[in-house]
Amino acid sequence: MSNQLNLSKQIDRNNCTSLLLYYPLFISFLFSFLFSFSVLSSPGEIAIRVFRACTELGIRTVAVYSEEDRGQMHRQKADEAYLIGKSLPPVAAYLHIPDIIKVAKENGVDAIHPGYGFLSERSDFAQACVDAGVRFIGPSPETVRKMGDKVEARSLAISAGVPVVPGTDAPISSVGEARVFSETYGFPIIFKAAYGGGGRGMRVVKEYEELEENYHRAYSEALTAFGNGALFVEKFIEKPRHIEVQILGDKYGNIIHLYERDCSIQRRHQKVVEIAPAADLDPHLRDRLTSDSVKLAKQVGYENAGTVEFLVDKHGKHYFIEVNSRLQVEHTVTEEVTDVDLVHAQLRVCEGRSLPELGLTQETIRVNGCAIQCRVTTEDPARGFQPDTGRLEVFRSGEGMGIRLDSASAFPGAVISPHYDSLLVKVIASGKDMSTAAAKMHRALSEFRVRGVKTNIPFLQNVLSNHQFLHSTVDTQFIDENQNLFIMKPVQNRAQKLLHYLGHVMVNGPTTPIPVKAKPSSIDPVIPTVPMGATFDVAMRFLYECPWKRLQELRTLVPNVPFQMLLRGANAVGYTNYPDNAVFKFCEVAKENGMDIFRVFDSLNYLPNMILGMEAAGRAGGVVEAAISYTGDVSDPMRQKYSLAYYVKLTEELMKAGTHVLCIKDMAGLLKPESSRILISALRDRYPDVPIHVHTHDTAGAGVAAMLACAEAGADVVDVAVDSMAGMTSQPSMGAMVACTKGTKLDTGIALEKVFDYSEYWEVTRGLYAPFDCTATMKSGNADVYENEIPGGQYTNLHFQAHSMGLGNKFKQVKKSYSEANKLLGDLIKVTPSSKIVGDLAQFMVQNNLTREEVEEKADELSFPLSVVEFLQGHIGIPHGGFPEPFRTRVLKSLPRIEGRPGATLPPLDFDALEAGLRLLHGDDITEEDVMSAAMYPKVFQEYKEFTGSFGPVDCLSTRLFLDGPKIAEEFQVEIERGKTLHIKALAVGDLNKTGQRGVFFELNGQLRSVLVKDNVAMKEMKFHPKALKSVRGQVGAPMPGKVIEVKVEPGQKVEKGQPLCVLSAMKMETVVNSPLTGVVTVIHVNTDTSLEGDDLILEITAEE
């Protein structure tokens, strides 16, 4: 009576006193917040399901929670909530029966609903409830014991005349007993947890060699999940259907069934998709299944809700597996097709109502339509359904007619921990038939947006589109036999990745190295930005864009103007030697993507390198423009190494090789007006029909005069830069050239007004790149370039480097050392990479305060820069006039030398193997262009893919946002594709948390979004477990977050490929980490009980030679 009064007061407070008419005895409920081991269940999903039913019936609810789950939703949905298992691990907390009973007694709780999982099938828990005077909402303790003991349940089924699979009569106590069973019945066999289900403690063994390892894994999993590692063994039925029957009994011996569910779609013996009723099930078989279920339930006097599970073989013969003496995760589909609320029924039966009183008789149970349940989990199907953990940054569900959602902790900001199952939300779709329900489910899943953790949604969508699933029957091997289910459409996640990038810039500053401390202009150009060209590696390395995509976009926008690219001869677009087939393939792919003219050069004018590049460009169908790199001064009779005769002879060789266009490439801006006239006139006289193109830089300020002289001497094309970008180390002024030739025979026909408009746009654009502007450190050009011969681009870089190193006042010394270094190396043509070699040696001399004479004197004892050593070895070719001696011999000593063209001896590049490796690392969306990028710049491409994997494509951002990020409270728009525009507002940057992260808050399309960003400065002061690098083959990382429960190897131990290294446990599942290669274990970074995040470094292996 006191219990009744206690509840009455609660009901009065809720204005629900009318409910007193319906219940002779009211019960308030403690839900113990447990999780199903038969599904991957998120914390609290079933808790909230029961709380809602209680609320509908006017019943007070009480929740318990572990310390780990303070922020979980089930705690907030209950009327009251209390902590249990203080200081215990999360799983142990929910297995701590004394704490649960204590909370129940201290808070006037009348009954406990066990949900599913953990204690729900523990007879000692049910008995503890009864002993404490608290009702257990489920079968009697004795029934729970009988049904929970799989061996006894099997014996009862045999007694009831229900067919069973051959198996052991009692739990086995050793692997030896399993061997005896396998010798009697043969393989395959299956281990099953004797006191639990749902795939935990379950292992299929197909051959003798797997027996012992699987026995130990099954035992360990069962012990972790159910507190008892006892196992029994059965003959494994191959390719069966998994059909289960929902039963319901009361205290008066009435038992009914609510028909069947098909749970055949499973991975690792855990259900993924459930359907009610089972498709294409023979009516006679259905009758046998339901009849046997009721018969078995009556034999044990079953009370409350339960499920009888069967396997049905290909001949239509059924075998009893087990009884789950609790509510099942998939009870939802039965509710949808029978219109019976099973939780209401559980509560009413516990209250003492009979099934007929509730209107539940076998004759009244009808099946209407079809229902499908998909379990949306935080798992990665592409990695063997490995669980993923982390923070839900975004959660948006699918809804609409015919859709039901059962979830708990699916909300933005929720933390998915490794302690429990990975179920995020159950999606249930109902329709008049299976195809209708499947269509609704597919539509609902397509509406989901989950960011922050991986989910199985793309996999589920593939299942729902599968022809066999829609039009035939499936068995438990459906997933294993349909590997096309794993060919999933990648989740783009563009918006959230962009927010991550912007947050990263706001916290850590620009991702692109900034030479000077200057902010980009806040003023955008007045006309829309169009994509422009960029150096191949710079596009990936600093702009994080695909150079091929840039070319494709430009070709689409400008279809009628020839495009030209620079090709470094045998070095293609890189700074090293490549196999010949790589150079030919690159030119082929470039031509296919829209390139027209290949300006082929070599930094040393080394003819064999140039001819290879010309052949590659010509074979690809491109226009070949052979470029002679210019140095020296043909107008100075005292400088004879690079004389007029040298250039004329080199031109003759290039003409013989078949060039279509001739180019003079004056990278340092050394052409004076007189030398321009001498050189171009000589070439024009000798080759009157070949187009001549001249490229120069305006470092000394004489560029316009020199180009005018070239044009007058017969050059057809000269390179210029728009006025706002011209001068100094750039090209001569376009406006000046147009103006100076106006009205002459060299008139360009270009209106100056158009040049001015074009220049105005680029003047504003230049302000966006203020951190990179050479005027930050350079205020004018300098004619001393005629002495030091530093190329324009390198001149700027050296100036920046000198200032960044605090040597701005020593730049004059740097330039002088550059000139001396050039002489030491034999007076080289200086174009990348030869110019870098001279620059490296010059900086080496300045840093070590060495003169040219001192370098020559100490050549055999100094540690020279690697680039200098490799040059002297012959890595980039042979310079005109040969290598400087005895300097070369003294530096190299006994080091090997390369004779002839460096790339001639390189083996062909295996493009198929390269592509296969890239697909393994980055997925199947690797293109032919990606393969070429990786061939040219392996490390840069790897970093580019890692960047885009984290931040997505950033080319949709404006320059200022890309470089500097948004200001707080700034609103802006980003068009990620045609018709899809993001409206973003930057709100705030949070404080540093204990993991070295800061929360960055945005408003995206009117909704609050947040991202966690690692603070790089703070991270240097905090210690974290190292990550395994994908690019390092011998580094073995954690495939999922979890705890190490066993390390199977030691440092120095030799391991074979596929050999177990360690065992991880997460979400009540154990995973064996196997060796990816044969080799020797060098370092182990973990111990037993080490907690790991995904990709944390476990150990390192040195590959066997």
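Student: In which loop is E789 found?

Tutor: Bear in mind as we go that this is a predicted model. E789 is found in the loop between α28 (785-788) and α29 (792-804). Its backbone is worth a look: phi of E789 is near 60°, a positive value in a residue other than glycine. As for the side of the story that concerns solvent, E789 has a relative accessible area of 3%, so it is buried, the cut-off being under 20%.

You'll find K239 in the loop between β8 (231-235) and β9 (241-249). With 39% relative accessibility, K239 counts as partly exposed, whereas E789 is buried.

While we're on backbone geometry, have a look at the cis peptide bonds. One runs from F187 to P188, with omega near 5°, and P188 sits in the loop between α9 (175-185) and β6 (189-193). Another joins A276 and P277, where omega is about -5°. P277 belongs to the loop between β11 (270-276) and α11 (283-299).

Loops also bring us to R326, which lies between β13 (318-324) and α12 (331-338). An unreviewed UniProt entry places the feature "active site" at R326; take that as an annotation from the record. In the model, R326 counts as buried, at 3% relative accessibility. Its side chain makes a polar contact with the side chain of E121, at 2.9 Å.

Now for the strands. Take β2 (residues 61-65): 5 of its 5 residues are buried, so the strand is largely enclosed by the rest of the structure. β2 pairs with β3 (residues 80-83) in the parallel sense, over 4 bridges, and the bridge partner of Y65 in β3 is L83.

For antiparallel pairing, go to the open sheet of 4 strands, ordered β33-β40-β38-β35. Its edge strands are β33 (1035-1037) and β35 (1054-1055), each of which pairs on one side only. β35 meets β38 (residues 1079-1084) over 2 bridges, in the antiparallel sense; there, V1055 of β35 has G1079 as its bridge partner in β38.

The largest nonpolar core has 80 residues, and the members that touch the most others are F586, L654, I664, V694 and M936. Helix α21 (residues 580-592) gives the most to this core, with 7 residues. A second, separate core of 39 residues includes C370, A410, A414 and L424.

How values were computed:
Residues numbered from 1 in each chain as written. Predicted model: local features only at pLDDT ≥ 70, side-chain atom pairs only at ≥ 80, totals over all residues. Heavy atoms only, no water. Buried < 20%, exposed > 50% of the residue type's maximum accessible area, 1.4 Å probe, protein only. Pairing = 2+ DSSP bridges. Core = buried A, V, L, I, M, F, W, Y, C linked by side-chain atoms within 4.5 Å. UniProt positions renumbered as here; feature names shortened; annotations may be inferred. Polar contact = N/O pair within 3.5 Å; in protein donor to acceptor, adjacent residues only side chain to side chain.
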